[in-house]
Amino acid sequence: MKKNIFYLIIGFVALLLLAVFWYSVENFTPLFSMVAFIAGVLVIYVAYRRVEDYIEDERSARITEKAALRTFQVFWVCFCTFSIMAVMNMLYMPRISREHWFDRQSLPVSLEIMSPKMIGFIQLGLLCLMIFLYVGFRFYYAKKYGEWETDEE
Amino acid sequence: MKNKIKVYRAMHDLTQEDLARAIGVTRQTILAIEKGKYVPSLDLAFRISRHFKVNIEEVFSYDENTQADAGK
């Protein structure tokens, strides 16, 4: 299989997943979109294995490795920071208010910064941002390791 | 890491594409090594020097000044 055909397959799978996701939301069938996502990843993986005119040498492997490592380093800091806040939020850690400090008869108030639904959305958003971050790092390391260098030849 | 790949290529009348195909990498990798943008692994360095039928030290030499930036 040619490389361009592989890119076309990726585009087609992405469009199909979008349609499935839309259908799942409309009909409230989350399992359908979950299965479709796994199937989509499998299709892309099988297609990737069949690409013939793509040479993955040690430089391209290094670019991928570096980009993935840097993305992971940023990801776990951002994700853990947000998740700690989310867990504390869900556990309803009581806040000792100023009123309670002066008047011990008043009850401590619960601190809820955001709803669990919003936490889920933000975590999903963070995951999506990481994809963009990975692409950014890939461009950075590809440039660093001479991907777009030109020669007199 | 300095290298004389370009010199040896010229001596053997090889293009970057020819050399890349012979040792199983992309042309961009050969170009990046020649320009000092990418430091090859020992395995690749040996493969390149073996292709030219010379010792590795004749193609590659260690340069402390450029090595300082390599790890970043």
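In the predicted model, B:Ile33 touches B:Asn3, B:Ile5, B:Tyr38 and B:Pro40, when residues up to four places away in sequence are left out of the count. B:Ile33 is also listed, together with A:Tyr141, A:Tyr145, B:Ile5, B:Ile30 and B:Ala32, among the residues that touch the most other members of the largest nonpolar core, a set of 17 residues. At least two residues of this core are supplied by each of helix 3 (58-90) and helix 5 (116-144) of chain A and by each of helix 3 and helix 4 (42-51) of chain B. Helix 3 of chain B contributes 4 residues, the largest share of the core. In soluble globular proteins, nonpolar side chains tend to be buried together.

Helix 3 of chain B is largely enclosed by the rest of the structure, because 7 of its 8 residues are buried. The buried residues of this helix are B:Gln28, B:Thr29, B:Ile30, B:Leu31, B:Ala32, B:Ile33 and B:Glu34. Their packing partners comprise helix 3 of chain A and, within chain B, strand 1 (2-3), helix 1 (5-11) and helix 2. After helix 3 of chain B comes B:Gly36, which has a positive phi near 75°.

The packing of helix 2 (residues 16-23) on helix 3 (residues 27-34) of chain B was examined separately; the two axes come within 8 Å and cross at roughly 110°. Since angles of 65 to 115 degrees count as roughly perpendicular, helix 2 of chain B is assigned a roughly perpendicular arrangement relative to helix 3 of chain B. The crossing of helix 2 of chain B past helix 3 of chain B is right-handed. On the side of helix 2 of chain B the contact involves B:Gln16, B:Glu17, B:Leu19 and B:Ala20, which meet B:Arg27, B:Thr29, B:Ile30 and B:Leu31 in helix 3 of chain B. By class, the residues of this contact comprise 4 nonpolar, 2 polar and 2 charged.

Chain A contains 5 helices and 2 strands, arranged along the sequence in the pattern α-α-α-β-α-β-α. Of its 153 residues, 5% count as buried. Among the contacts in chain A with a separation of 6 or more, 64% join residues 24 or more positions apart. Helix 1 (residues 3-27) and helix 2 (residues 30-49) of chain A pack with their axes 9 Å apart, at an angle of about 175°, which means that helix 1 of chain A runs roughly antiparallel to helix 2 of chain A.

Helix 3 of chain A includes A:Met85. This residue is classed as partly exposed because 14 other C-beta atoms lie within 10 Å, a count between the limits of 12 or fewer for exposed and 20 or more for buried. The C-alpha atoms of A:Met85 and A:Ala68, which are 17 residues apart along the chain, are separated by 25 Å.

Between the chains, the contact draws 10 residues from chain A and 14 residues from chain B.

Key: Residues numbered from 1 in each chain as written. Chains lettered and ligands numbered in written order. Predicted model: local features only at pLDDT ≥ 70, side-chain atom pairs only at ≥ 80, totals over all residues. Contact = placed C-beta atoms within 7 Å. Axes fitted to C-alpha atoms, helices over the stretch in contact; angles between N-to-C directions. Parallel < 35°, antiparallel > 145°, perpendicular 65-115°, else oblique. Left-handed = near helix turned anticlockwise from the far one by under 90°. Nonpolar A, V, L, I, M, F, W, Y, C, P; charged D, E, K, R; others polar. Core = buried A, V, L, I, M, F, W, Y, C linked by C-beta atoms within 7 Å.
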